[in-house]
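Work through the exercises below with the sequence and the model open side by side. Try each task before reading its solution.

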Amino acid sequence: MSDVLNIIKDKTLTFEQRVIALARAAENSINVLGITEDIQKYRDNGVICDLFEGNAPYRPRYIVPDYNKFMEKGSEFLKLQPPTDIWEAVNNLLILYKHVPSITTFPVYIGNIDKLLEPFVNDEEEAYKAIKFFMLHIDRTITDSFCHANIGPEKTKAGEIILRVQRELEVPIPNITIKYDEEITPNDFAIDAINTALITAKPSFANHKMFTKDLEDYGIASCYNGLKIGGGAHTLVRLNFGRLVDYAESKEHFMNELFPDAVDKMLKYIDMRINFLVEESGFFDNHFLVKEGLINPDNFTAMFGEVGIADCVNKLLKCEKLEEKFGHSEVATDFGVEIIEKLNKMVNSHYNKHCKFTEGKFMLHAQVGIDTDNGIAPGCRIPIGDEPEIFEHLNVCAKFHKYFPSGIGDIFSFDTTVKKNPQYILDIIKGSFKIGVRYFSPYASDCDVIRITGYLVKKSEIEKIEKGEAVLRDTTVLGAGAAKNQRILERKTRNK
């Protein structure tokens, strides 16, 4: 009860943020999953983390609706007819977003918005006005920057307007990814996207060929999560290698006993969460998104996340000098690959009947960290402060990205002088995608909107949080913690 009272009295929370926090407190006051003692031990020591999903899953963590179907057919439940002009299009989408749940209570995927709006771009001046209204409305009402939009890979008038509006508004929501394919995406559209990213830290670039090969019809949701359109992810639980390694007696003990045991317990825990959600919560039995075909339970999977590979490797190999560490030493980096290959085999040998899209298997995900992670590198990233030169850095990234169809990526801060030559960044992106990099996020060092791990916040709003002031977007709190614990403001600045 003290937790509830603390939420009620927290002056840094808006009314809406208090309501969400109170709902989470209520969910966490019960225990329905039957968690065993051995699994709970790993949860208590921070090795297994369910990323605040709550004790009684009653909605999937990530939902990726088929918005194309919605635009074609409208919605009987919402009493909406298919739109006939740009104003009806943005209005219908904004209404639907209000009814798309997720772990954050807000939609984590709002569609390939350029493709959704392009059929209604007749008068460009009117479309610009409508799209600016649309984007502003999203930022002010979906106050969580895990909300994610996609554009591309083709160039569209709507896409160009969206990029222009983002440069003008400089807001963190929605996060945006451009699906990039050198053979499909025109150079000028890609440059337009880079110029926008150097002002407002978005869009990021997704390797369209790579995602299409792995997932076919996909959307990028939340941070950088690749998921099936019309589906999503039941849950995302992560294994913290940076914490697990602290219990290792030796490299052999870690690889042969500790590591396999932790993976086994986490797979069972993920099963518990999925089975309760699908079989007991009733979400898929009565939600209108299912009844109207905007999502299909058969298109859902689950995500097995991991963090702290670099920290794990450096501790097990007793790396002290920079040249010995993960990302610099071939021995250390290859050992990281060995761990991920072993993880991949173990995860792929597990079966859950409610993950039909992935043939009963969970997908690996390089989790970006949480605000309380202190001294733990996200996913398979090289720790901040240890970054090599960008081309060496990308070669390390490419060793890992193929294992993570549901999301992995790296972030690069560029000196402001690069704004004079955005082609330089595009050439880097093209080269990195050719060697197997899945996802690339550029931004300029002077941006107010900055990329934290996979989501965006404004530095000016972090300053408000630190003064004890309430802010509109709840992810600003996470960004403030990450700035302190994960040193995200200290990333190496890349120069041409």
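This is a predicted model: local features need pLDDT of at least 70, side-chain atom pairs count only at pLDDT 80 or more; totals for chains, interfaces and linings use all residues.

**Exercise 1. Helices H1 and H2**

Task: Find the angle at which the axes of H1 and H2 cross, and classify the pair.

Solution. 
- Step 1: Locate the helices. H1 spans residues 2-9 and H2 spans residues 15-27.
- Step 2: Take the geometry. The two axes come within 9 Å and cross at roughly 175°.
- Step 3: Classify. An angle over 145 degrees counts as roughly antiparallel, so H1 is roughly antiparallel to H2.
- Step 4: List the residues that meet. H1 supplies Val4, Ile7 and Ile8; H2 supplies Arg18, Ala21, Leu22 and Ala25.
- Step 5: Sort the contact of H1 with H2 by class. There are 6 nonpolar residues, no polar ones and 1 charged.

**Exercise 2. Helices H9 and H18**

Task: Determine how H9 and H18 pack, and which residues make the contact.

Solution. 
- Step 1: H9 covers residues 187-200, and H18 covers residues 422-434.
- Step 2: Their axes are 9 Å apart, at an angle of about 110°.
- Step 3: The range 65 to 115 degrees counts as roughly perpendicular. H9 and H18 therefore fall in that class, roughly perpendicular to each other.
- Step 4: On H9, the contact uses Asn187, Ala190, Ile191, Ile194, Asn195 and Leu198. On H18, it uses Pro422, Gln423, Ile425, Leu426, Ile429 and Lys430.
- Step 5: By class, the contact of H9 with H18 holds 8 nonpolar, 3 polar and 1 charged residues.

**Exercise 3. Helix H15**

Task: How many residues of H15 are buried, and what covers them?

Solution. 
- Step 1: H15 runs over residues 309-316.
- Step 2: Of its 8 residues, 7 are buried, so the helix is mostly covered.
- Step 3: The buried residues are Ile309, Ala310, Asp311, Cys312, Val313, Asn314 and Leu316.
- Step 4: At 42% relative accessibility, Lys315 counts as partly exposed.
- Step 5: Look for the cover. It includes helix H11 (241-244), helix H12 (251-279), strand S9 and helix H16 (330-348).
- Step 6: Look past the end of the helix. Lys318 follows H15 and has a positive phi, near 55°.

**Exercise 4. Salt bridges across the sequence**

Solution. 
- Step 1: Start with the total. The whole structure has 28 salt bridges.
- Step 2: Lys132 is in helix H7 (residues 124-141) and Glu168 in helix H8 (residues 157-169), so the bridge ties together parts 36 residues apart in sequence. Lys132 is partly exposed at 27% relative accessible area, and Glu168 is partly exposed at 38%.
- Step 3: Lys209 lies in helix H10 (residues 208-215), and Glu183 lies in the loop between strand S4 (175-180) and H9; the parts are 26 residues apart in sequence. Lys209 is partly exposed at 44%, whereas Glu183 is exposed at 67%.
- Step 4: Asp246 is partly exposed, at 45%.
- Step 5: Look for shared partners. Arg43, Asp50, Glu53, Arg61 and Arg273 are joined into one network.

**Exercise 5. Glu306**

Task: Which side chain of opposite charge is nearest to Glu306, and how far away is it?

Solution. 
- Step 1: Glu306 sits in strand S9, residues 300-307.
- Step 2: Find the opposite charge. The nearest such side chain is that of Arg238, 9.1 Å away.
- Step 3: Apply the cut-off. A salt bridge needs nitrogen and oxygen within 4 Å. Glu306 is buried and has no salt bridge.
- Step 4: Check the surroundings. Beyond four places in sequence, the contacts of Glu306 include Leu239, Phe241, Ile340, His365, Gln367, Cys380 and Phe404.

**Exercise 6. Tyr351**

Task: Is Tyr351 buried or exposed?

Solution. 
- Step 1: Tyr351 is in the loop between H16 and strand S10 (363-366).
- Step 2: Its relative accessible area is 56%, so Tyr351 is exposed.
- Step 3: Beyond four places in sequence, Tyr351 is in contact with Glu359 and Gly360.
- Step 4: Tyr351 and Lys361 are 10 residues apart in sequence, with their C-alpha atoms 5.4 Å apart.

Key
Residues are numbered from 1 along each chain as its sequence is written. Side-chain values use heavy atoms; hydrogens and water are left out. Helices (H or I, at least four residues) and strands (E, at least two) are DSSP runs, numbered from the N terminus. Buried means under 20% relative accessible area, exposed over 50%, partly exposed in between (1.4 Å probe, protein chains only). Lys and Arg count as positive and Asp and Glu as negative; His and the chain ends are not counted. Contact means heavy atoms within 4.5 Å. Axes are lines fitted to C-alpha atoms, for helices over the stretch in contact, and angles run from 0 to 180 degrees between N-to-C directions. Angles under 35 degrees count as roughly parallel, over 145 as roughly antiparallel, 65 to 115 as roughly perpendicular and the rest as oblique. Ala, Val, Leu, Ile, Met, Phe, Trp, Tyr, Cys and Pro count as nonpolar, Asp, Glu, Lys and Arg as charged, and the others, Gly among them, as polar.
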